[in-house]
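Hi,

Here is the structure I promised to pass on. Have a look at it first, and then read my notes below.

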Amino acid sequence: MAGVQAAGLAGIVDVILTVRDDVTLEVSFIATLRERRKGHAGQAIGIMTQAADAAGVLLILKAQGCPPKGARRVLGTNELVRFYERRGFRVLSAAYGRGVLMERPPKRQKPVSRCAA
């Protein structure tokens, strides 16, 4: 994802997006690899939501706390739900395996003016 690289997050945040259909992308995986608790994952989600809005694409994900090897602190499922809710996601199902299924519909974009000033 070019936006993640442009933001300097390559090698810091790992993201896997899965195309579900023409209008739905699943955030299959997102993890901060280093420099944790500095807002990098939130920044990556912001890039994804902006791109999804521009393309008119629905984002879905499963919020589930899953500590990486050697992690001292990881967000639990409830903390992840609140993290995603602050970024426009809403709960679809709280009984989705051990996680919470969430979605974020695209926001309407302002029309781009093609007129020269």
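One term before we start: a residue is called buried when its relative accessible area is under 20%, and exposed when that area is over 50%, with partly exposed in between. Also keep in mind that this is a predicted model.

With that cut-off, Glu 26 counts as buried because its relative accessibility is 17%, under the 20% limit. Its salt-bridge partner is Arg 20, with N and O 2.2 Å from each other. Arg 20 itself is partly exposed, at 47%.

How many salt bridges does the structure hold? There are 3, so let me take you through the other pairs, bearing in mind that side chains of opposite charge can pair when their charged atoms come close.

Arg 104 pairs with Asp 53, and their closest N and O atoms are 2.7 Å apart. This one ties together distant parts of the chain, since Arg 104 sits in strand 5 and Asp 53 in helix 2 (residues 40-55), 51 residues apart. Both ends are buried: Arg 104 has 5% relative accessibility, and Asp 53 has 11%.

Then there is Arg 90 with Glu 103, where N and O are 2.5 Å apart. Again the pair links distant parts of the chain, with Arg 90 in strand 4 (residues 90-96) and Glu 103 in strand 5, 13 residues apart. Arg 90 is partly exposed, at 45%, whereas Glu 103 is buried, at 12%.

Strand 5 is worth a look of its own. Why do we say that strand 5 is largely enclosed by the rest of the structure? Because 6 of the 6 residues in this strand (residues 99-104) are buried. Strand 5 also pairs with strand 3, in the antiparallel sense, over 5 bridges. You can find Ala 63 opposite Val 100 of strand 5.

Now follow the chain on from strand 3 (58-63): the loop between that strand and helix 3 contains Cys 66. Is Cys 66 buried or exposed? Exposed, because its relative accessibility is 58%. Its C-alpha atom is 8.3 Å from that of Thr 77, which is 11 residues away along the chain.

Last stop is helix 3 (residues 77-85), where Leu 80, Val 81, Phe 83 and Tyr 84 are buried. These residues cover an arc of only 160 degrees around the axis, so they lie on the same side of helix 3. The general idea is that an α-helix has 3.6 residues a turn, so residues three or four places apart point the same way.

Cheers

Conventions. Residues numbered from 1 in each chain as written. Predicted model: local features only at pLDDT ≥ 70, side-chain atom pairs only at ≥ 80, totals over all residues. Heavy atoms only, no water. Buried < 20%, exposed > 50% of the residue type's maximum accessible area, 1.4 Å probe, protein only. Helix = DSSP H or I, 4+ residues; strand = E, 2+ residues; numbered from the N terminus. Arc of directions from axis to C-beta. Pairing = 2+ DSSP bridges. Salt bridge = Lys/Arg side-chain N within 4 Å of Asp/Glu carboxyl O.
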